[in-house]
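Please open the structure in your viewer and keep the selection tool at hand.

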Amino acid sequence: MSAGQPDRIPVMIPWLGEEEAKAASDAVLSGWVAQGPRVAAFERAFAERVGAEHGIAVSSCTTALHLALVALDLGPGDEVIVPSLSFIATANAVRYVGADPVFADVDATTGNLTAATVDAVRTARTKAVLVVHQGGVPADVDALRAACADWDLALVEDAACAIGSTVGGKSVGHGALLAAWSFHPRKVITTGEGGMVTTDDAEWAARLRRLREHGMNASAAERHASSKPVLESYLEVGYNYRMTDVQAAIGLVQLGKLDQIVARRRALAARYDALLRDVPGLTAVRDPEYGQGNFQSYWVLPDRDFPVGRDDLLAVLAEAGVSARRGIMASHLEPAYQGHPAAPLPVTERISRDSLILPLFHTMTEDQQDRVVAVLRRQATAG
Ligand SMILES: *Cc1c(COP(=O)(O)O)cnc(C)c1O
């Protein structure tokens, strides 16, 4: 919301307030601003919330994905199946370890990989599948886990958008081998920048803790807490992917608001559904049979004969003061992946080319929602 346009409707704003400001201030005044006790508390609370044994806080979901793939010892010659229909960090993480991302197509209603789309691009070099819970719509992980077990592939979950989404009544991340999460302000809860890996495996958890901190066998916090000098050693080449205690302090408050945030997002999504029912030619994202989404992104897909093209629709919305966004990107069409082999990805390309994401944020009013829908209704009947 820029000062010049007070009634502009943003696509997303994080729900932050005095409590987060106070928590950040307390962290600063405590004198401990780098990774410390608040990070440890945030990790415990987050892991408990998603039903995982261990949480390892890091600097972003991108670094979380990188470390998850390092933990699996993936490298040159290995293939990792990913959706092209995702934020580009998903595919990039595979490149960071020197492995090859192999793009698979997605299901038309969820926008997610399925066992069938994975099977279509599987080769003898495939070592892992990196499934994305796109826009908060849970992927069918029960089916994918069973298929990956049959094929002897590791299943890593990019849950950047999916905190608060469920599969079979359980949180996304429950039972995951390795799941990666984001706390970027575009996601459902935020720490400014930040991420997390969750896992049930104690050995991976210990290694991930070392990897995020230069490969050190004793963390800075442990050394600080010890009354005797601790001589650390560096067991492998690691990274500095730490989260700060200031971020974790904010994260703890945000996590406490998660249920409220998800309930509000689901209520606003249901209201969009009702309002859009009499707008012809638009199909909105919805819950799959096996789970519930957090509606991190509320996207709509216009029919092929919708009277206005997607980019024109975005322009008309912008003119009316509505910040909508193009739908999820198709990574294989970006210059960074030019020349990278890819099987035909018709569903990915259709969703990416034609869909748009409508504004949805915790403090959104019914009046704002009505304004968004009114613009769409005028365009739908413009032809
Ligand atoms: C946002 C996002 C990421 C990257 O998250 P950061 O925390 O910004 O690094 C990765 N994957 C998906 C699917 C995302 O939506």
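What follows is a tour of a predicted model, going from the ligand to a glutamine, then to several salt bridges and a surface patch.

**The ligand and its surroundings**

Begin by selecting the ligand together with the residues around it, of which there are 15, with Cys61, Thr62, Asp158, Ser182 and Lys187 coming nearest. If you then show the side chain of threonine 62, you will find one of its N or O atoms 2.5 Å from an oxygen atom of the ligand. Turning to aspartate 158, look for an N or O atom of its side chain that lies 2.8 Å from a nitrogen atom of the ligand. The side chain of serine 182 also has an N or O atom to look at, in this case 2.7 Å from an oxygen atom of the ligand. How much of the ligand's accessible area does the protein cover? On its own the ligand has 390 Å² of accessible area, and the protein covers 92% of it.

**Glutamine 247**

Next, select glutamine 247, which you will find in helix 9, a helix made of residues 245–256. Is this residue buried or exposed? Glutamine 247 has a relative accessible area of 15%, and it counts as buried because that value falls under 20%. With its side chain displayed, follow it to the backbone oxygen of glutamate 193, which it reaches at 2.5 Å. A polar atom of the glutamine 247 side chain also lies 2.8 Å from the backbone nitrogen of threonine 244. Leaving aside residues up to four places away in sequence, the residues that glutamine 247 touches are Thr191, Glu193 and Gly194.

**Salt bridges**

Now colour the charged side chains, bearing in mind that a search of the whole structure finds 21 salt bridges. One to select is the pair of aspartate 78 and lysine 127, whose closest N and O atoms are 2.8 Å apart. These two partners are 49 residues apart and link distant parts of the chain, with aspartate 78 in the loop between helix 3 (61–71) and strand 2 (79–83), and lysine 127 in strand 4 (residues 126–132). Aspartate 78 is buried, at 11% relative accessible area, whereas lysine 127 is partly exposed, at 39%.

Move on to arginine 223 and glutamate 232, a salt bridge in which the closest N and O atoms are 3.8 Å apart. Here arginine 223 is partly exposed, with a relative accessible area of 28%, and glutamate 232 is partly exposed as well, with 24%.

Then select arginine 271 and glutamate 366, which form a salt bridge with their closest N and O atoms 3.6 Å apart. This pair, too, links distant parts of the chain, since arginine 271 belongs to helix 10 (residues 258–276) and glutamate 366 to helix 13 (residues 366–380), 95 residues apart. Glutamate 366 is partly exposed, its relative accessible area being 48%.

**A nonpolar patch**

For the last stop, switch to a surface view and select Val28, Leu29 and Val33, which make a nonpolar surface patch of about 290 Å².

Key. Residues are numbered from 1 along each chain as its sequence is written. This is a predicted model: local features need pLDDT of at least 70, side-chain atom pairs count only at pLDDT 80 or more; totals for chains, interfaces and linings use all residues. Side-chain values use heavy atoms; hydrogens and water are left out. Helices (H or I, at least four residues) and strands (E, at least two) are DSSP runs, numbered from the N terminus. Buried means under 20% relative accessible area, exposed over 50%, partly exposed in between (1.4 Å probe, protein chains only). A polar contact is a pair of N or O atoms within 3.5 Å; within protein, one must be able to donate a hydrogen and the other to accept it, and residues adjacent in sequence count only if both atoms are side-chain atoms. Contact means heavy atoms within 4.5 Å. Patches are made of residues with over 30% relative accessible area and no salt bridge: like charges are joined within 9 Å, nonpolar side chains (Val, Leu, Ile, Met, Phe, Trp, Tyr) within 5 Å. Accessible areas come from the Shrake-Rupley method with a 1.4 Å probe; for residues, only the protein chains shown count as cover. A salt bridge is a side-chain nitrogen of Lys or Arg within 4 Å of a carboxyl oxygen of Asp or Glu. A residue is near a molecule or strand if one of its heavy atoms lies within 4 Å of it.
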